[in-house]
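The sequence and the structure are shown first, and the description follows.

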Amino acid sequence: MKFSIVDVFSQGKYTGNQLAVFKEAGHLSTEEMQKIAKEINFSETTFILSNEPTEKGYPVRIFTPNEEVPFAGHPTLGTAFVIQQDYLNGEEKDILLHFKAGTIPVTYNAKEKLFWMKQNQPTFGKVLDSKVAADVLGLAVEEIDHRFPVQDISTGLPAIIVPLVSLEAVRKAKVNLLKYNQLIQTTEGKTLFVFSKETYDSMHDINARDFAHYFGIPEDAATGSSNGCLASYLVHHNYFNKHSISVKVEQGYEIGRPSLLHLNASQTSDGIDVYVGGQVEKIAEGKWG
């Protein structure tokens, strides 16, 4: 099999979130895909099942080192980039990807050099106790921004969104695994996504971190799915006093993989339209086994 390695939501090579993309992988069993993902040991690895579209799109499966997931953000953009480069000769065509969570459209804006995905309509789950969230994150309860809820949200892969009062609080967050494992027994989301309006870079709007030990990812460098949940949260709770947002989110700084995600979201009569965008850099390609 041929495969590519790309950096997604990058700010240049060797930044952003790493992704391995395997092409023409439909002959593999689920067990084989899981073993390959464990061998690669990136936060996610994708498998394009066919180099020919079916139902106008490409069937794709996504695996973390621990298990298959129905949807994830940086695998969506990274896989679309590989399809555009290797199957479509770099043409600026819209690309449909068929995941277990549904079909996700991806577009490329050549002027911005950004790939954009439209995520599923958000679902807003339970509101969690702020003190419990603080305990799990090793923070004082005062470091939670109590103007807004701690909430379980999904646009395809659920995440627990936790608003914090400062960049310092984001930097201090450290997951207590015993309390984390107790918490996720009662929630749809298995990922803790913390954020604040204070940032390292004054050109950015939000700083965020994403902890997903359940999936074998202690901390993720750039999380498109969780940022889609964040975009929904920001609009739904009027975080910026707007029903339409266009913001830049920095992530991965604490683990040496600075990443930049672009979020556009707006309230409509049918719900909230959510778009997540970013740059993709090709790093390597090769043959497997």
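## Terms and basis

On a 1 Å grid over the protein atoms alone, a cavity is a set of points where a 1.4 Å probe fits but cannot get out. A pocket is an open set with protein on both sides within 12 Å along at least five of seven lines, and lining residues have an atom within 4 Å of a point. Grid points are joined across faces, edges and corners, and a volume is the space filled by probe spheres set on the points.

The model is a predicted one, in which local features need pLDDT of at least 70 and side-chain atom pairs count only at pLDDT 80 or more, while totals for chains, interfaces and linings use all residues. Residues are numbered from 1 along each chain as its sequence is written, and side-chain values use heavy atoms, with hydrogens and water left out.

## The enclosed space

By this rule there is 1 cavity of 30 Å³ or more. The largest cavity has a volume of about 90 Å³. Its lining consists of 15 residues, and E44, L157, T191, T223 and S225 are the closest to its centre. Two or more lining residues come from each of β13 (206–212), β14 (217–220) and α6 (224–236); helices (H or I, at least four residues) and strands (E, at least two) are DSSP runs, numbered from the N terminus.

Sorted by class, this lining has 7 nonpolar, 5 polar and 3 charged residues. Here Ala, Val, Leu, Ile, Met, Phe, Trp, Tyr, Cys and Pro count as nonpolar, Asp, Glu, Lys and Arg as charged, and the others, Gly among them, as polar.

## The open space

The largest pocket holds about 190 Å³ of space. Of the 14 residues that line this pocket, N17, Q18, F42, S43 and E219 lie nearest its centre. Both β2 (17–22) and β14 supply at least two residues of the lining, and the largest share, 4 residues, belongs to β14. The classes in the pocket lining are 6 nonpolar, 5 polar and 3 charged residues.

## Helix α1 and its two sides

Helix α1 spans residues 30–40, and M33, Q34, I36, A37 and I40 are buried in it (buried means under 20% relative accessible area, exposed over 50%, partly exposed in between, with a 1.4 Å probe and protein chains only). An α-helix has 3.6 residues a turn, so residues three or four places apart point the same way.

The buried residues of α1 pack against β2, β3 (45–48), β4 and β5 (68–69), where contact means heavy atoms within 4.5 Å. On the face turned away from the buried side, α1 carries the exposed residues E31, K35 and E39. N41, with a positive phi near 65°, follows α1.

## Strand β6 and its partners

Strand β6 is mostly covered, with 4 of its 5 residues buried. Two strands pair if DSSP finds at least two bridges between them. Strand β4 (residues 58–63) runs parallel to β6 and is joined to it by 2 bridges; Y58 stands opposite L97 in β6. Strand β7 (residues 102–109) runs antiparallel to β6, with 5 bridges between them, and H98 stands opposite T103 in β7. Together β6 and β7 form a hairpin with 2 residues between them.

Which residues does T76 touch, not counting those up to four places away in sequence? T76 is in helix α2 and touches F71, L97, F99, I104, V106 and M117. T76 counts as buried, at 0% relative accessibility.

## Residues in loops

Two asparagines in loops have positive phi values. N89, in the loop between α2 (73–86) and β6 (95–99), has a phi near 55° and is exposed, with a relative accessible area of 69%. N241, in the loop between α6 and β15 (244–251), has a phi near 60° and is exposed at 65%.

K113 is located in the loop between β7 and β8 (114–118) and counts as exposed at 54% relative accessibility. K113 and Q279 are 166 residues apart in sequence, yet 6.3 Å apart in space, C-alpha to C-alpha. Not counting residues up to four places away in sequence, K113 touches Y108, G278 and Q279.
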